[in-house]
Amino acid sequence: MDRLSSTTILPDTFQGTRDDFSMQMALIWGQIKAPLIVPLLRLAVIICLIMSLMLFIERVYMGIVITLVKLFGRKPERRYKWEPIKDDVELGNSAYPMVLVQIPMYNEREVYQLSIGAACGLSWSSDRIIIQVLDDSTDPTIKNLVELECQRWASKGINIKYEIRDNRNGYKAGALKEGMKRSYVKHCDYVVIFDADFQPEPDFLWRTIPFLVHNPELALVQARWKFVNADECLMTRMQEMSLDYHFTVEQEVGSSTYAFFGFNGTAGVWRIAALNEAGGWKDRTTVEDMDLAVRASLKGWKFLYLGSLKVKNELPSTLKAYRYQQHRWSCGPANLFRKMVMEIITNKKVTSWKKVHVIYSFFVVRKLVAHIVTFIFYCVVLPATVLVPEVEVPKWGAVYIPSIITILNAVGTPRSLHLMVFWILFENVMSLHRTKATFIGLLEAGRVNEWIVTEKLGDALKAKAATKAPRKPRFRFGERLHLLELCVGAYLFFCGCYDVVFGKNHYFVYLYTQAIAFFIMGFGYVGTIVPNS
């Protein structure tokens, strides 16, 4: 039988309308392409190449510095005076400084026992340490459990205080600020902060406090994070690669060169005098830790990072929790930069070089450019050049620079080098949300102060796996399907198809692979899925 023509399937009027529409779109595209699309795309390519160079130079600089630090740098014990605190017969226990340990919590059913137990297990003179549990829980059952746990440790002779508020104003910053107002805090010299999923080793204070005691210019000693669930799924392995670079390179370089880096919000010890001089905790952004660190640095205080001291904690193992965390971590710094840039420029207490480091390196390159260029260049502009062949991206910008940046980022986690391709695809997808959050922070848009506590699972996953297979969670359109990822994936897939037919640069290999990554995350097939019981 002869092949049916299109006219036997589609009415003549519809066929004609479709052809007319196609011709009109082609005509419009031809008219605006040369005078408008091509110049705009060329400008976008130039801007993206400049941002790529900024990021490349920053990564190479940090790579050189960290290499020199590892080869020739002095250990913290040699750069700063460090002596163990010794017993004094005359002074007795008062020879030990008074230490406050703060544990902010919010509905932490799965991990509250771990963090409280680890804090109460810290080795220090029992009458020279106060454990302060700041419970902002809204679930009365969890609130009772946390209070009972505090009472249990108090019955063992531990000086532990259970503090609650009648509101959640300021979220974590508000809780920490309220905790510092308690009368017993005025007797304390230092404050240690641990988030609810952090489990310090018993010798944590012995390894950190002496630096602050013997070096009055130091305001902060920051420890490294150690991830207990890095092997839980592929998503946690990707997070480990990103965060290992942050701790292995960024924090180490900042500590070794300018004695400045961003406080990680937990696993750190602050000199209370420095904290108060900097203005205390402020809740004007969702990164109260970075806010405090920048203000303290502008007062002339120095920070020390101890990469050898690791504190166990948990990575988000569900995509939903990770997305909320990354929104906060990307939006907050951008918003803080908007609010503090003039304060940094006009500051008189720090050198011009330190101002340049804080503004350009710390904020602009790492907190703004790194997010924006990853998504805009590699997921929007580069694919668009496939549709507009008149605009070309030089090979050094499309291939060589991103390859070198990726290798420099991956060296922080040698055990995961074989996962580098997956990490690139994962980071490109997440850059969509980081870029969106960055612009929200810069423009102070609707979700600028959104604070959703990162879900912690503790041993829940292991316990449920040991007893029975978890129930399949109920399908929820808003939680499982992510339309932004699906739209970007469709765009990349279309560009890939166009490149197969008309292209000459073989970008379709990358475009198809990246599109698949967007589709996988768009349909929610990433991370672990733990149903609410």
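**A tour of helix contacts and nonpolar cores**

In this predicted model, begin by selecting helices α12 and α18, whose crossing is left-handed. Helix α12 covers residues 352-387 and helix α18 covers residues 508-522, and the two pack at an angle of about 135° with their axes 12 Å apart. An angle of that kind is neither roughly antiparallel, which would need over 145 degrees, nor roughly perpendicular, which spans 65 to 115, and α12 and α18 are therefore oblique to each other.

Next, show the side chains where these helices touch: from α12 pick Phe375, Tyr378, Cys379, Pro383 and Val386, and from α18 pick Tyr510, Leu511 and Phe518. Sorted by class, this contact of α12 with α18 holds eight nonpolar residues, with no polar and no charged ones.

Now turn to the largest nonpolar core, which has 148 residues, and select Val101, Ile116, Phe204, Trp270 and Val294, the residues with the most contacts inside this core. Helix α12 gives the most to the core, with 20 residues. Centre the view on Phe204 and, leaving aside residues up to four places away in sequence, you will find that Phe204 touches Leu122, Val192, Phe194, Ala223, Ala267, Val269, Leu309 and Val311. A second, separate core consists of seven residues, among them Met62, Val69, Tyr245 and Val249.

Finally, select helix α13, residues 395-410, together with helix α14, residues 420-443, which pack at an angle of about 110° with axes 11 Å apart; this makes α13 roughly perpendicular to α14. Thr406, Ile407, Asn409 and Ala410 of α13 form the contact with Met420, Trp423 and Ile424 of α14, and the residues of this contact comprise five nonpolar, two polar and no charged.

Terms used
Residues numbered from 1 in each chain as written. Predicted model: local features only at pLDDT ≥ 70, side-chain atom pairs only at ≥ 80, totals over all residues. Heavy atoms only, no water. Axes fitted to C-alpha atoms, helices over the stretch in contact; angles between N-to-C directions. Helix = DSSP H or I, 4+ residues; strand = E, 2+ residues; numbered from the N terminus. Parallel < 35°, antiparallel > 145°, perpendicular 65-115°, else oblique. Left-handed = near helix turned anticlockwise from the far one by under 90°. Contact = heavy atoms within 4.5 Å. Nonpolar A, V, L, I, M, F, W, Y, C, P; charged D, E, K, R; others polar. Core = buried A, V, L, I, M, F, W, Y, C linked by side-chain atoms within 4.5 Å. Buried < 20%, exposed > 50% of the residue type's maximum accessible area, 1.4 Å probe, protein only.
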